[in-house]
Amino acid sequence: MRLNEVERGDTLRARALIGAISLASGMRLPDAARVAFYHKDFVSAALGAWTQKTMRGESAWSVGQRELMAALVAKWNACAFCIGAHRAVAVEGLSRETVDAVLADFETAAIDEGFRATLRFLHVMTTRPNDLGGEDARRVLSSGVSRAALADAVAVGTLFAIVTRYADALKFTIPSEAEFAKAARMLLERGYQ
């Protein structure tokens with residue numbers, strides 16, 4: 001269901017900000033940003049803070065790796081908006097070839113084994129959560145990934161299990177690849193809050 005308030009904002013101030021940001025950036029403000037102006041007191045502040053900490057806070061994973069994890073979770077949840085958005089940000093931190101190879105098949109992509117083991121864990125967590133067990137975590141840890149890094153990856157997977165459904169439930173508009181790239185650069189500069 002597409003809510004008009006997400007498109008235009010639910011207050012006069014939000015409408016003015018959406019318009020000003022769209023005008024200044026030279027592109028339609030993506031729905032992921034627009035939704036932050038919708039009932040800010042309900043979910044926006046908490047979700048923004050969680051996303052900022054998860055995606056930009058201290059971590060053994062680079063920003064590019066976390067964005068690539070988000071894009072993969074989006075792929076496994078079939079969320080076109082989040083695949084495009086997080087792929088675009090990942091490309092800013094990793095090579096396009098690496099990002100596209102991982103999205104095509106992380107099992108054969110040229111990445112280190114710790115990252116691959118973590119992606120296997122996230123794949124099970126996302127697609128078959130009832131099958132996830134202690135042995136899955138032990139395999140990741142035995143690949144050299146720390147408990148803290150695994151916890152960070154789980155936070156990315158959990159967050160984007162929610163965000164992908166949110167994006168699809170609100171029928172986010174899919175920008176062009178050029179618009180995704182422009183939004184990715186803005187997101188890297190400003191963060192998620």
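Analyst: In this predicted model, the axes of helix H8 (residues 113–127) and helix H9 (residues 134–142) come within 8 Å and cross at roughly 165°, where axes are lines fitted to C-alpha atoms, for helices over the stretch in contact, with angles running from 0 to 180 degrees between N-to-C directions, and helices are DSSP runs (H or I, at least four residues) numbered from the N terminus. That angle makes H8 roughly antiparallel to H9, a term for angles over 145 degrees. The contact (heavy atoms within 4.5 Å) is made by Ala117, Thr118 and Phe121 on H8 and by Asp136, Ala137, Arg139 and Val140 on H9; by class, it has four nonpolar, one polar and two charged residues, with Ala, Val, Leu, Ile, Met, Phe, Trp, Tyr, Cys and Pro taken as nonpolar, Asp, Glu, Lys and Arg as charged, and the others, Gly among them, as polar.

Of its 47 residues, Met69, Phe81, Val102, Leu119 and Phe160 touch the most other members. Helix H5 (residues 63–76) holds Arg66, which counts as buried because its relative accessibility is 3%.

Residues are numbered from 1 along each chain as its sequence is written, and side-chain values use heavy atoms, leaving out hydrogens and water. Local features need pLDDT of at least 70 and side-chain atom pairs count only at pLDDT 80 or more, whereas totals for chains, interfaces and linings use all residues.

Conventions
Helix = DSSP H or I, 4+ residues; strand = E, 2+ residues; numbered from the N terminus. Parallel < 35°, antiparallel > 145°, perpendicular 65-115°, else oblique. Buried < 20%, exposed > 50% of the residue type's maximum accessible area, 1.4 Å probe, protein only. Core = buried A, V, L, I, M, F, W, Y, C linked by side-chain atoms within 4.5 Å.
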